[in-house]
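The sequence and structure come first.

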Amino acid sequence: MLLMSLPLSCSITVPAGTFTAKCHERHFWLSVKASFLGSAVQFNVEDSTGIHFLSSQRAAECGYTVVWNHHGDLVFRASYLACYVENRRDTEFRLQVWFVNRQSDGSVDAYPFKIHCSVTEPWSPREIVCEENYMEVSIQWYIPVEAEQFRMERVIFYRPGDAHPASQSVKEAEALGYHIVATDTRLLLRGAYSSPFFYMRKEQDIQMEAVDAIIVVQLEGASIPVEISMACTKTEAVVDGLHLLWSFPLAVSSLVHDLFRNGRVRMEVGGRMLSDCEMHESGYKATLKDLTMEIRIPSEANGAQIKSGVIKGQYVQSLSVELFYMHHWEDVIWLHTQHRSFRLLHTPYVPQTPTLINGTVSSTSMFSVTLGVFPADVSLQNITVGNDTMTWTKAQYQGLHLTQLLFTNGSHAYTLHVPFSHPLVTQKVISKHYRRHVLALTFDFFILPEEEHFSYSTDVVSDLKVPAVPARLEGKCTERGIVVLLHYGSEDVQWELYVGQSRIDWELVWLGGYKLKSEDDHLSVELPLYSPGMTYEDLSLKDLVAKVEVSAVDVLTLKVEHSLVQRCTFPVRDLLACLPEGRMVVVADTTRSIPPVLPNSTTLLDSSCTPVATDSTRALFNFSLDSCGTTMTVEGNFLLYENQIRYMQKFLPKEDPLIHVDSPYRLTLQYVKVQRDKPLLSASHQRSVSQSASKGQDGRSNK
């Protein structure tokens, strides 16, 4: 933004390092740091006639340019042959310029500068300048302008093949926006782009803007035509891989006459001149292809600037370079031509997808990702992990390690470290040997100063090999019995379970009342307390220690790979158990009869088989199946073993044989065994209990 008209007041001091002035390539240069710029600025120039405001049109006509460099600083550039410049015989030049800075609070400060420059290299016979906003050509002039009867009469504009050139007086041409002047040694023509009589032409398929003119000079009554033409390349740069490519024709037909001899070139990027060696080492290329000079500038070159944007939600980038290029040549008419180009080259916006570098090493159990590379105008606003959106600061408190990586060219990237164990990381078992960890990420960015927004989303996946977990057997005690669990682990093995020497198959499951439950990672088998496979240890009237021996056999190798001995203690109230060694164990409560019976007064069918232990209510018997009067009968496929717990009656004297003191007591014990099977480690509840305390008419006990 330029200020139109403000009263100027000289500021007391100039902040150190804010302004930089220099003389370079026939131009005055004055740069102002971006950090110093207010809400509105303008440049005015001063000469002996006063202070002159430079509008955009007037600046182009008079040889002034204001641009932004790749650092974002404001650059004021003026031709040595510009209006209001004090010119001393085309060798020394003085310019007084005012920089006016208005702050957001409305205050205005003005800073005056006097810049003095001298020509360090002699002028060439013809010098053409292609600036950002104008074209300028000056040719060597040997007749002093003070000579009598010298004047510029008219300007004739023509085009190739045009049968009717346009003849304009100098004043008419100046009214059309041209600046025509003669100095001590130079004759100059300048005009803004797209001025009247400018035309577009193609050279080697490259678009150019040109003007062809003849200035008719009157000298001592003679009209002398002086050919004065200029042309500048108007094409923008394009992206060519990792380079910015700008092309221009080696020889423009309107500027070259007959024999052409190409001369040296000089190139500057970002205000820094590049030697041939630097160009080669830094990847710059200036090549000639079919009479076209192609200049390739690496996108990461010092001085190249990337401008970010957003188009339809897509992140885009444009590469710009502040380029100065000077080309020398010779032809028949012009012994030496210098063609200077000051161009701030821009490529069209090109969609860019940020590059995600996944540096995750699964063995470290840590996600490590880097996203970039972004130019300085892009900043991270938020990050979303899973469904949790957080600021940079909050991410640190959430256990996410987010850092910014800065590079020497001003660009940057972001690195994120997240442990696999973080709650926002999703996990899934994909096989027995691998667990998949997924980190769902969304990065939200904004672009300054436009404050445009865009996002980048991705899922980072890492499969972690789970350490081999061997299968194992686990035992648990329950109120009903013992539960055995076979944990499969990560081994790909088919297992068979054995209880003692018996394989657990469906017949054994049915016979023993086992309960099987299959899960993804284990198999559980619940064995009731009185079921095949149980053995009993340390039996007393207080409790019973039950034991089960389980083994896991590899089906392929038939080897026992894992075994388990599980013991559980159960409280004892009533018990009827058959032990594998052919013994029967019984705990019976004899006080439940009416009237109650003393436990220590009971026996088995064989009255010599008395309890091995008693307390106030119960009797414990332990006997073999072939003793104590135990009987065996065959019923179909089964063997039935039977015995009784009895109470011996005490009778009155023989004189009264029908009256006895005690009531009879009998408790029948039965054990059923499958005849065709091998004996199983089994036990069963008491199948029948017969108790009686009634007295019959005949004095016999009733069952």
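The lining of the largest cavity consists of 11 nonpolar, four polar and one charged residues, where Asp, Glu, Lys and Arg are charged, Ala, Val, Leu, Ile, Met, Phe, Trp, Tyr, Cys and Pro are nonpolar, and the others, Gly among them, are polar. The model is predicted: local features need pLDDT of at least 70 and side-chain atom pairs pLDDT 80 or more, while totals for chains, interfaces and linings use all residues. Residues are numbered from 1 along each chain as its sequence is written, and side-chain values use heavy atoms, without hydrogens and water.

A cavity is a set of points, on a 1 Å grid over the protein atoms alone, where a 1.4 Å probe fits but cannot get out; a pocket is an open set with protein on both sides within 12 Å along at least five of seven lines; lining residues have an atom within 4 Å of a point. Points are joined across faces, edges and corners, and a volume is the space filled by probe spheres set on them. Four cavities of 30 Å³ or more are counted by this rule.

T233, F248, P249, H339 and S341 are the closest to the centre of the largest cavity, among its 16 lining residues. At least two lining residues each come from β19 (230–233), β21 (243–249), β27 and β28. In the second largest cavity, W29, R77, E322, L323 and F342 lie nearest the centre. Its lining has seven nonpolar, one polar and five charged residues, and β5 (64–68), β27 and β28 each supply at least two of the lining residues.

The largest pocket has Q305, I306, Q317, F374 and P375 nearest its centre. Two or more lining residues come from each of β26 (304–311), β27 (314–331), β28 (337–346), β30 (355–358) and β31 (366–374). By class, 22 of the lining residues are nonpolar, 24 polar and four charged.

| Space | Volume | Lining |
|---|---|---|
| Largest pocket | about 1300 Å³ | 50 residues |
| Largest cavity | about 150 Å³ | 16 residues |
| Second largest cavity | about 120 Å³ | 13 residues |

The protein as a whole has five helices and 55 strands, taken as DSSP runs (H or I, at least four residues; E, at least two) numbered from the N terminus. Its radius of gyration is 54 Å, well over the 27 Å that the globule rule gives for 703 residues, so the protein is more spread out than a compact globule. That radius is taken over C-alpha atoms, and the rule is 2.2 Å times the number of residues to the power 0.38. The C-alpha trace spans about 185 × 55 × 40 Å along its principal axes.
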